[in-house]
Amino acid sequence: MSQFSGVVRTDWTRPEVRALFELPFNDLLFRAQQVHRQHFDANAVQVSTLLSIKTGACPEDCKYCSQSGHYDTGLDKEKLLAIEKVVEEARNAREKGASRFCMGAAWRSPREKDMPYVLEMVKRVKALGLETCMTLGMLDGGQAQQLAEAGLDYYNHNLDTSPEHYNQIITTRSYQDRLDTLAHVRDAGMKVCAGGIVGLGESREDRVGLLTQLATLPAHPDSVPINQLVKIAGTPLGEVDDLDPFEFVRTIAVARILMPRSMVRLSAGREQMPESLQALCFLAGANSIFYGEKLLTTANPEAEADRRLFQRLGIHPREEQAVFEPTLAAAPVNRPASLWRDAMATAG
Ligand code: SF4
């Protein structure tokens, strides 16, 4: 079976993944685009909004993170946001055309006393007609079940990097802890959002390792955020060397080929990318972005700039119902986010 067939496989091997990374750039992008078009409208990009519901003072030591309490990054800490404030932000996001609202808290894991608040947030945001996603750190099986019962659609928990490189980046939780949380999320019936970060000073082999891990989980994550490190002064990775931008595009393309039906999200680091590079990422199969001016604590391209970029590229926002299953390819169900369209019509 061709490795480019677009068939969903969870038995990818490292040599296969390495071989994809080693393809000539144009060949890799062509293959990724072929796979992408088998499963998705190539001109539709899903738009999510992310809100930090609790900021800073995190006990974990992730060496890239502005929110870790281990480093002095000058970040203003905030307690858990009031539920009403979260609902208001979600309503604003919906009015701007977001179809999914993600809520992130800088915790090792939610404490028992936090759970009633986050469960209520899920219910209230969902009642607005938005898809809900949370990233709260590690979950046990019971917490995952509670979140699922409250109606949470997605849970984000990234693997960050390869198993070999992991200890260079985080020491306060293990790779296995992360895999266990993903298993609890899957077992509770929620959709999994899991990806990683590139530009951490890792080798290409680490990028091969990260994507192989993601693509050989029992089921592919529904969403795969590929983040580019945003260098934060005060963190141990604040001055790490830049990654070759084409290597970032390669990582997106390989993720698309390995996980043909997953949403591949162009995530943190977009603010630092020229629009031409973002366009290449869409060509490589990225079909999801975060929209809004802040991504947790780092800047994200301004909403107007995103609208203009979509307009220039002929891209339209995609809602969950717009997935092109192969059998529906001739008659895709594509329900545009009308508010985004209206806003785009007046942009630029
Ligand atoms: S990445 Fe998450 S877990 Fe790690 S320090 Fe930052 S907020 Fe904490």
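Helices (H or I, at least four residues) and strands (E, at least two) are DSSP runs, numbered from the N terminus. Counted in this way, the secondary structure of the protein chain comes to 12 helices and 12 strands.

This is a predicted model, in which local features need pLDDT of at least 70, side-chain atom pairs count only at pLDDT 80 or more, and totals for chains, interfaces and linings use all residues. Residues are numbered from 1 along each chain as its sequence is written.

**The chain and its confidence**

The predictor's confidence in each residue is the pLDDT, from 0 to 100. The protein chain averages a pLDDT of 84, and 86% of the residues score at least 70. Over residues 320-348 the pLDDT is below 50, and this stretch has 48 contacts in the model beyond near neighbours in sequence. Where pLDDT is low, the predicted coordinates should not be read in detail.

Two residues are in contact if their C-beta atoms, placed from the backbone, lie within 7 Å. Of the contacts in the protein chain with a separation of 6 or more, 79% join residues 24 or more positions apart.

A residue is buried if 20 or more other C-beta atoms lie within 10 Å of its own, exposed if 12 or fewer, and partly exposed in between, with C-beta atoms placed from the backbone. Of the 348 residues of the protein chain, 49% count as buried.

Helix α2 covers residues 25-39. The expected span of a helix is 1.5 Å times one less than its number of residues. The buried residues of α2 are Leu 28, Leu 29, Arg 31, Ala 32, Val 35, His 36 and His 39. Seen down the axis of α2, these residues fall within an arc of 160°, so they line one face of the helix. The arc is that of the directions from the helix axis to the C-beta atoms. An α-helix has 3.6 residues a turn, so residues three or four places apart point the same way. The face of α2 turned away from the buried side carries the exposed residues Asn 26 and Asp 27. On the buried side, α2 packs against α1 (14-21), α9 and α10.

Helix α9 has 14 residues and reaches 20 Å from its first C-alpha to its last, close to the 20 Å expected at 1.5 Å a residue. This helix is mostly covered, with 11 of its 14 residues buried. Among them are Phe 248, Ile 252, Arg 256 and Leu 258.

In helix α10 (residues 275-283), the buried residues are Leu 280, Cys 281 and Phe 282. Their cover includes β1 (44-54), α9 (245-258), β8 (263-266) and α11 (303-313). Just after α10, Gly 285 takes a positive phi of about 115°.

Ala 57 lies in the loop between β1 and α3 (83-95), and Asp 160 in the loop between β4 (154-156) and α6 (166-169). Ala 57 has a positive phi although it is not a glycine, and so does Asp 160. The table gives the angles and the neighbour counts.

| Residue | Phi | C-beta neighbours inside 10 Å | Class |
|---|---|---|---|
| Ala 57 | about 60° | 14 neighbours | partly exposed |
| Asp 160 | about 75° | 23 neighbours | buried |

Asp 160 is also one of the residues that Ile 197 touches, along with Tyr 64, Thr 161, Asn 227 and Leu 229, not counting residues up to four places away in sequence. Ile 197 belongs to strand β6 (residues 196-198). With 25 other C-beta atoms within 10 Å, Ile 197 is buried. Ile 197 and Ile 226 are 29 residues apart in sequence, and their C-alpha atoms are 5.9 Å apart in space.

Gly 195 is placed in the loop between β5 (191-193) and β6. Gly 195 counts as buried because it has 26 C-beta neighbours inside 10 Å. Leaving aside neighbours within four places in sequence, its contacts include Asn 158, Ile 226, Asn 227 and Arg 265.

**Around the ligand**

A residue is near a molecule or strand if its C-beta atom, placed from the backbone, lies within 6 Å of it. The residues around the ligand are Cys 58, Glu 60, Cys 62, Cys 65, Gln 67, Ser 68, Ala 106 and Gly 137. This shell divides into 4 nonpolar, 3 polar and 1 charged. Here Ala, Val, Leu, Ile, Met, Phe, Trp, Tyr, Cys and Pro count as nonpolar, Asp, Glu, Lys and Arg as charged, and the others, Gly among them, as polar.
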